[in-house]
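Hi there,

Here is the structure I promised to pass on. My notes follow below it.

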Amino acid sequence: MEDKEKKELEAADEAAPRPEDETAETAETAKTADTADKAEGQARGADEPAGQREQEGEGQTTGGAVELTKAEYDPALGLQHTAEDAGGRDGGDVPVMEAEDFSEQGTPVQTSNGGKLWPIVSLVLAVLLVVVLIKPPFAAKKAEAVATVNGVEITKDQLYNKMAAQGGEQVLSGMIDQELIDQEAKKQNITITDADIDAEIKDTYIAQFGSEEALKQALVQYGMTMDNLRSEIANQLKLTKLLEPQVKVTDDQIKQMFETYKESFNTPEQVRASIILVKTEDEAKNIIKQLNGGADFAELAKSKSLDTATKDKGGDIDFFARGQQETAIEDAAFKLAKGEISDPVKTSGGYQVIKVTDRKEAHTATLAEEKEKIRKMLVSQQVSQMSDAWLQNLHSKSKITNTLTDANGAAAAQ
């Protein structure tokens, strides 16, 4: 037995036995103190610099320690390196789980696969625990790219962060205010219908701009669409219905406003017209000839007119007063009676054939006619004045989190 033990010790000095070659006799080898001490030092990695440990982990170690190939990676060493590397990258304190000292407990003397694997399984679970502490167990999906520049992606997250930094607080603040309004309207069973919005567009906006076409042109200038306007009107009407019970408008206030702005309530002379725009005077004369022969004006406008804004509507440009169209168009249109067609009219865009389809004579407004309109204007004015304080009160009574302002406030406090 002594000869056999001597041979085992000599073999340990040259290279460690592989797991598949282990037998029950390895228990006697483990009893040798010198070999156990060297194994413990390798497991802890305490007697060697980190760089040396990593280098030796790829090749064969000395002093009877186990050879670490890819297939036989030691989880005890890997655990320490994982935690140390993570701490170095993040610059923070990362919990490091030391490898358990199995030499004090005695090396398990078992020949079954289960006996050999249990310390490895324990250490692998420990490694996973450290990884979880450093990084969430389920990595998020790759950020969606919204653009690429020469193969380099600009992600949706980058876009969000940029937009949040540039005006994001204002946008989010507006969204929070809108949510508060919506919730309060729901509590009070307030709803806004499409008919409410249509009436507001007609009575306020189209009346203000003179025609639907003029309103649409104004929206384009402001970078808005009709859907944008409808959404804004819905919000405005909702806020008005919420605050109107707190508003008080008197007859004296209505009368005072009417007298102050009396001229603005009067209606000037207006005509409604349809047009066909062509390039040359000869083309315009040919259009007039076809119309005199019984051709339908709207159908010719759809097939011949170059004015893309009106051709699909049969050339209709709605009502307009003086000062709202080119002088040449106004002069020709206001001379025509309802149903009459003009001669070719030279304009900045070409030649127009104009047909007047309706007229409105100038009208001087009365207080009785304008009373309800003025009342609505005064209500809207007072609602606008009250809305800030009302919203602040809602804010104070609500539980609101705002990561943009909260983060900025925390940064400023530091």
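Where is the place of Thr310? Thr310 is in the loop between α15 (297–304) and β4 (316–321); helices (H or I, at least four residues) and strands (E, at least two) are DSSP runs, numbered from the N terminus.

Before going on: this is a predicted model, in which local features need pLDDT of at least 70 and side-chain atom pairs count only at pLDDT 80 or more, while totals for chains, interfaces and linings use all residues. Residues are numbered from 1 along each chain as its sequence is written, and side-chain values use heavy atoms, leaving out hydrogens and water.

Thr310 counts as buried because its relative accessibility is 2% (buried is under 20% relative accessible area, exposed over 50%, partly exposed in between, with a 1.4 Å probe and protein chains only). Leaving aside neighbours within four places in sequence, Thr310 is in contact (heavy atoms within 4.5 Å) with Ile275, Gly315, Asp316 and Ile317.

Ile275 leads us to the sheet: the bridge partner of Ile275 in β6 is Ile354. Strands β3 (residues 270–278) and β6 (residues 350–360) run antiparallel and are joined by 9 bridges. The open sheet has 4 strands, in the order β4-β3-β6-β5, with antiparallel pairing (two strands pair if DSSP finds at least two bridges between them). At its edges are β4 and β5 (345–347), each pairing on one side only.

Two helices meet this sheet. Helix α15 lies across β3 and β6, and helix α16 (residues 327–335) packs on the sheet, touching β3, β4, β5 and β6.

Happy browsing!

Terms used:
Axes are lines fitted to C-alpha atoms, for helices over the stretch in contact, and angles run from 0 to 180 degrees between N-to-C directions.
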